[in-house]
Amino acid sequence: MSNTILVTGATGNVGSQVVQQLIASGITPRVAVRSMNKAESLKKAGAEPVEMDLDRPETIQPALAGVDKVFLVSPFVPNMVELTAILIEAAKRASVQHIVKLSALAQPGIALSKWHEKMENAIASSGIPFTFLRPNGFMQNFVNAMAGTIKADNAFYLNVGDGKVSFVDTRDIASVAVAALTTSGHEGQSYTITGSKALSHTQAAAILSQVLGRTINYVDVPDDSVRQGMQGAGMPEPIVNALLELYASYKAGLAAEISPVVEQVTGKTPISFEQFVQDYVEVWR
């Protein structure tokens with residue numbers, strides 16, 4: 001049996017952390033990239049880049065050759081279910097032995113959960129052993145999506161009211177993923193992954209303010225404003241609608257669940273929002 005681990009979404013929020021942690025543990029992961037233009041930096045970091053684009057099915061089977069395990073991040077696009085099905089079929093042909101899939105916190109009734117449920121069902125039906133990771137909202141969204149306005153306006157804008165979210169650091173999600181990829185006993189498991197505390201966005205703003213030494217405000221904006229902003233950024237309508245549903249669930253307090261999985265699987269206490277802000281403080285300076 002091969003010991004090769006293929007990481008998809010290797011330059012994204014979670015995938016990049018999985019790659020870093022695998023390399024730190026002495027493993028050379030094979031990392032899927034849509035273009036080999038990114039190959040050199042990944043090679044220097046200690047990874048083995050391979051070209052794989054789900055929109056070009058001919059690239060998938062060669063990328064999976066000799067692969068034992070896959071960390072699967074489905075692209076956040078309207079046809080993500082169909083693209084993932086193509087990869088699953090290719091994984092079966094390649095005799096992949098374990099798929100660790102990044103899903104999302106299960107919230108019945110919203111499109112995002114329905115899409116991930118379909119993908120999880122397809123993996124379970126494939127006969128390939130699996131582990132499903134279902135994280136809550138990423139702390140790193142305050143870096144990737146909100147840093148610009150936090151720096152420019154000392155504020156960030158969203159339509160989630162006072163609903164609390166048990167935000168989780170992507171480094172913790174990656175730690176659970178690496179454990180599932182490198183140790184036994186995680187097959188057949190579905191892990192809900194959260195931080196250790198649920199915070200409203202107003203409380204998150206207060207922590208940012210305290211650490212940064214200046215007042216950061218959370219501004220609750222109308223749904224229509226958020227929709228217009230996403231549409232203006234060129235997001236496809238199904239993605240816009242899915243995100244608005246997700247934000248509505250935050251507002252309704254449906255994302256405040258606390259799970260012990262990070263500590264149970266990794267033996268470490270989840271990274272707090274305060275520690276996250278300290279670690280990324282220069283981003284908002």
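## Exercises on a predicted model

Four bridges join β4 to β5, and the two strands run parallel. The structure is a predicted model, in which local features need pLDDT of at least 70 and side-chain atom pairs count only at pLDDT 80 or more, while totals for chains, interfaces and linings use all residues. Residues are numbered from 1 along each chain as its sequence is written, and side-chain values use heavy atoms, with hydrogens and water left out.

**Exercise 1.** Find the strand order of the open sheet and state which strands stand at its edges.

*Solution.* Begin with the bridge partner of L72, which is K101 in β5. Strands here are DSSP runs (E, at least two residues), helices are runs of H or I with at least four residues, and both are numbered from the N terminus; two strands pair if DSSP finds at least two bridges between them. Extending this to the seven strands of the open sheet gives the order β3-β2-β1-β4-β5-β6-β8, with parallel pairing. β3 (48–51) and β8 (189–193) each have a single partner strand, so one side of each is left without a neighbour in the sheet.

**Exercise 2.** Trace the salt bridges of R171 to D169 and to D279.

*Solution.* The side chains of R171 and D169 meet at 2.8 Å, N to O, and both residues are buried. With D279, the closest N and O atoms are 3.0 Å apart; this pair links helix α13 (residues 273–279), which holds D279, to helix α8, which holds R171, 108 residues apart. D279 is partly exposed, with a relative accessible area of 40%.

**Exercise 3.** Locate S95 and N154, and give the phi of each.

*Solution.* S95, although not a glycine, has a positive phi of about 60 degrees and is found in the loop between α4 (80–93) and β5 (98–102). N154, also not a glycine, has a positive phi of about 55 degrees and is found in the loop between α7 (147–153) and β7 (155–158).

Methods: A salt bridge is a side-chain nitrogen of Lys or Arg within 4 Å of a carboxyl oxygen of Asp or Glu. Buried means under 20% relative accessible area, exposed over 50%, partly exposed in between (1.4 Å probe, protein chains only).
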